[in-house]
Amino acid sequence: MQALSAERLLRAWELGRDRHPIDRGVLLHALAEPDADPDALADQPLGQRNRALFALRAATFGRQLPAWLDCPACGERLELSLDTASFDTLAPPAEGPVEVAGLRLRLRLPTSRDLAALAGDTSAGDAALRLLEHCLITAPGAPTPALAPLLDAASEALEQADPWADLLFASTCGACGHAWDVRLDIAAFLWEELDARAQRLLDEVHLLASAYGWPEADILALSEPRRAAYLQRVEGVTA
């Protein structure tokens with residue numbers, strides 16, 4: 001996995017800044033797998049997308065994820081650094097239909113396209129149940145079983161089949177000792193980092209273009225150390 005160049009990062013930011021978060025996740029997935037068809041990526045299991053985003057994030061920003069959390073018990077602001085190596089032991093998404101133990105129920109793994117469909121679904125009902133309805137595999141003409149009583153068993157089967165789809169890590173408050181599980185949305189996390197890096201790059205281009213008259217492409221083609229060296233000189237003159 002190659003790190004995002006300054007040019008590719010800015011291009012991704014330009015394409016994704018006005019998109020829905022689900023579409024941004026697919027865009028980031030396409031950056032991680034540039035040779036794949038983006039439409040096909042939308043139909044891949046969420047865990048496959050998340051694994052690709054972790055690899056892209058590690059190549060571009062490193063394996064440590066800085067995070068700030070508010071303790072739900074006392075409100076204390078916590079700062080931590082999560083090592084993504086802790087997820088390396090998770091199994092990749094299972095291939096083929098998921099059979100729910102003890103039930104005559106076959107499911108496929110949820111995808112980005114399923115999430116997009118739910119985002120536009122204004123019908124009442126539990127989101128997890130509606131997602132299960134999307135993932136149900138039935139034979140043509142076969143009646144649809146009542147899924148509500150099977151939700152817990154089906155959700156557990158999907159989680160076991162794709163542990164990368166819904167990532168949790170344990171956290172403990174140093175102030176009050178409260179322990180809880182935190183959900184990690186790698187697509188949203190990576191986009192926030194990409195957005196922050198893009199804003200910094202735009203500031204750097206603005207300063208160097210104003211000082212030297214260089215075009216954006218030439219500035220972005222500079223290595224980070226050389227760009228930083230020029231910025232130090234520009235800031236030294238204007239200080």
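Begin with the second largest pocket, whose volume is about 300 Å³; here a pocket is an open set of points on a 1 Å grid over the protein atoms alone, where a 1.4 Å probe fits, with protein on both sides within 12 Å along at least five of seven lines. Grid points are joined across faces, edges and corners, and a volume is the space filled by probe spheres set on the points. The model is a predicted one, in which local features need pLDDT of at least 70 and side-chain atom pairs count only at pLDDT 80 or more, while totals for chains, interfaces and linings use all residues. Residues are numbered from 1 along each chain as its sequence is written, and side-chain values use heavy atoms, with hydrogens and water left out.

Select Pro66, Ala67, Trp68, Phe189 and Glu192, which lie nearest the centre of this second largest pocket among the 15 residues that line it; a lining residue has an atom within 4 Å of a point. Which strand gives the largest share of this lining? It is β1, with five residues, while β1 (64-70), β7 and α8 each supply at least two. Helices (H or I, at least four residues) and strands (E, at least two) are DSSP runs, numbered from the N terminus. By class, eleven of the lining residues are nonpolar, none is polar and four are charged, where Ala, Val, Leu, Ile, Met, Phe, Trp, Tyr, Cys and Pro count as nonpolar, Asp, Glu, Lys and Arg as charged, and the others, Gly among them, as polar.

Leu69 stands opposite Leu78 in β2. The two strands form a hairpin with six residues between them, and in the turn you can pick out Gly75, which has a positive phi of about 85 degrees.

The largest share, five residues, comes from α8, and the elements that supply at least two residues each include α2 (21-32), α4 (46-61) and α6 (127-135). The lining divides into 19 nonpolar, two polar and eight charged residues.

Now show the helices α2 and α4 together: they pack at an angle of about 60 degrees, with their axes 9 Å apart. This angle makes α2 oblique to α4, since angles under 35 degrees count as roughly parallel, over 145 as roughly antiparallel, 65 to 115 as roughly perpendicular and the rest as oblique. Axes are lines fitted to C-alpha atoms, for helices over the stretch in contact, and angles run from 0 to 180 degrees between N-to-C directions.

Keep α2 and bring in α1 (residues 6-16), where the angle is about 155 degrees and the axes lie 10 Å apart, which makes α1 roughly antiparallel to α2.

Finish with β3, β4 and β5, three strands that form an open sheet in that order with antiparallel pairing. Because β3 (98-99) and β5 (136-137) stand at the edges, each with a single partner strand, one side of each is left without a neighbour in the sheet. Strand β4 (residues 106-107) pairs with β5 over two bridges, and the bridge partner of Leu107 in β5 is Leu136.

Conventions:
Two strands pair if DSSP finds at least two bridges between them.
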